[in-house]
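Open the model in your viewer and keep the selection panel at hand. Each stop below tells you what to select and what to look for.

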Amino acid sequence: MPQNEGPQHEGFEEELGAVLRRTGDGFAADDRRELVAGGLRRGRSRLIRRRLAVTGGALALAAVGIGGAYGGSLLPTGGGPEKVSVAGPKAPEQTRGTSAEAEAEAAAEARANRRGEAHIPVKKLAAVLKANTPAGTWKIDNEDGRGQAVLGVYDDGKGEAAVSVGLYRAGAGGESGEGQVTCPSKTAVPYDACTMEQLAGGSRLMVLQGYEYPDKREETKQWRAVLLTKDGFLIDASEYNAAAEKGAEISRENPPFTPAQLKALVTADGWRPLLKQIPSLPRQQNGSGQQPPAAPGADATQATLRSLLPKGLTFGDRGGQPGYAFVVVDDGRGKSFVQINVQTNMGGIAGDVFGSGDVTTLPDGRLVKLTQQPGEKGGSGVVWWSADTLAPDGFRVVVSAFNTGAQHEDATRAEPALTMEQLKAIALSPKWRKLPLTSN
C-alpha cells in the first residue's frame, strides 16, 4: 500500500492526506477520552501512513515515528470503560443489572474477536508498562477499559511525556511485519537515528529516533521501538517529548527513555501472556473484512519503472513495496525524486480525482490528469509534477517527479529531471498491465 509516509502519489496523497487530516484534526489535544475512543480508527489510518513511510513514498510525511498500528491501534482501542462487577451477592434488581453488564461485556469481547481485536484489560497492559520503565509518575488513559494498547503520560520530574505501547498480530492488514522493523529510507523520512537488530530466539527489533512531523523537525520528537517476534507478534512502543502526540507544547528536550530502555520495554517477558490473548485474523482481511487489492510485486514495480526512465540518468537511492517504487535520479544537473504507484480497483475515485484540472480522455477510455504544483513536505522551492491515469476497469498508474532528491529537502534544480510528457508516457506504458498481480 504505498503512499506516506506510504506512497502518496499525487491524487492518492490528496485523498489519503485529506482523510488523515480530518481524522487527526477531529481530536482536541486536551480531550484524551476522545483520543481513546478514536484510537482504532486512527490506528488503521496510521497503518497506511507507516507502510508508506517505510517504503519512502511521497506520503511519508507523518512517517516513521508515527506510531503504527497493524490492523489495530497504537492508541487504546477500548472506547469507554467496560467494567464487569466483581462485588458480592446483591439484591435481585442489582443481580439483574450485573448480569446485563456481564452479557454486554461478553458481547463486546465477541465483537472484538470477530474483528481480530484483543479485549485485554488496560490495567494489565499498564502494569507491564510501568514495571519495565524507570521510576516516575503515570497517568493512564482509560485504565478501566479494554483493548490491545495502553496510552499514558509519564513524568520523571523532567517534564511530561506521552507514551504508548500496542500489541498486534503481524498478519493483520496484510502486513508481514518485516516492513515494520525495517528502517525507512532517509530520502522519504528524515530522522536522527535508526537501528535494526536480530535478537536471540529469532525476534527482530527496530529502534527509531524521529519526529511526529518529519518535515518539521523543530517540533515534537517521537522515539519508537518495534519488536517482531518469531511467532508473528508486534510490540510497538512510542514516546514523545510532549504530554500529547499532537497539539501539546514541547515539555522536554528529548523523550524520557533511551533507545536501550525502549528495547528493554518491548522485549519484556510480561507481554507474552497478553500477546496470547490477541485473536487470529484471516490473512485476507485488512481490518475491514475486505481483501486487500492486488498489486504488482515490489521488485517488478521497481524494475519496470527504471526500464521506462529516460537514458542518461544515474540512479541513487531506491525502494518500494508491492505496487509502489521510488528512485532518485540525476541527469548531471541535480537530484530528482521519482515515484510510481500502481493500483487496482480504483474506479470509485474517478469523480473526485479526475473531475477537475488538466484532464483528457483517451480513445480507449483512460483518463489522464497532469498536475504541476508546489511540494508539500517542507523543502524550499520544491515543485511536484505528476501524471495520473485511470482505466475504465479501475487500473490506476500515478507517476510523480520532484526537483529535489528528497521532498523534505530544498530544491536541487529548477525543474524535475523528467518532463510532463515523459511522466505521461511512463504512466501510460503497456508494461504495467503485463506485470503479475499479487495480494498485498
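The tour starts with the whole chain, then visits strands, a disulfide and some loop residues.

**Ground rules**

This is a predicted model, in which local features need pLDDT of at least 70, side-chain atom pairs count only at pLDDT 80 or more, and totals for chains, interfaces and linings use all residues. Residues are numbered from 1 along each chain as its sequence is written, and side-chain values use heavy atoms, with hydrogens and water left out.

**Stop 1: the whole chain**

Color by secondary structure. The chain has 11 helices and 18 strands. Helices (H or I, at least four residues) and strands (E, at least two) are DSSP runs, numbered from the N terminus.

Now color by accessibility. Of the 440 residues, 54% count as buried. Buried means under 20% relative accessible area, exposed over 50%, and partly exposed in between (1.4 Å probe, protein chains only). The accessible surface of the chain is about 18000 Å², and 51% of that belongs to carbon and sulfur atoms. Areas come from the Shrake-Rupley method with a 1.4 Å probe; for residues, only the protein chains shown count as cover.

Contacts come next (heavy atoms within 4.5 Å). Among those with a separation of 6 or more, 64% link residues 24 or more positions apart.

**Stop 2: strand β17**

Select 396-402. Seven of the seven residues of β17 are buried. Arg396, Val398, Ser400 and Phe402 point one way. Val397, Val399 and Ala401 point the other way. In a regular strand the side chains alternate between the two faces of the sheet.

Two strands pair if DSSP finds at least two bridges between them. β16 (383-390) runs antiparallel to β17, joined by seven bridges. β13 also pairs with β17 in the antiparallel sense, over six bridges.

Then follow the chain from β16 to β17. The two form a hairpin with five residues between them. In that turn, Gly394 has a positive phi of about 90°.

**Stop 3: strand β2**

Select 137-140. Which residues of β2 make up its covered face, and which its uncovered one? Trp138 and Ile140 are on the covered face; Thr137 and Lys139 are on the uncovered one. Bring in β4 (149-155), which pairs with β2 in the antiparallel sense over four bridges. The bridge partner of Ile140 there is Gly152.

Step on to Asn142, in the loop between β2 and β3 (146-147). Asn142 has a positive phi of about 50° although it is not a glycine. It is buried, at 7% relative accessible area.

**Stop 4: Asn345**

Jump to the loop between β13 (335-343) and α9 (350-353), where Asn345 is found. Asn345 is not a glycine, yet its phi is positive, about 60°. Buried or exposed? Asn345 counts as exposed, at 60% relative accessibility.

**Stop 5**

Cys183 lies in the loop between β5 and β6 and Cys194 in strand β6, so the pair ties together parts 11 residues apart in sequence. The torsion about the S-S bond is about -90°, so the disulfide is left-handed. Both Cys183 and Cys194 are buried.

**Stop 6: Ala170**

Finish in the loop between β5 (160-169) and β6 (193-198), at Ala170. Ala170 counts as buried, at 4% relative accessibility. Ala170 and Gly232 are 62 residues apart in sequence but 5.4 Å apart in space, C-alpha to C-alpha.

Definitions and conventions. A disulfide is a pair of cysteine sulfur atoms within 2.5 Å.
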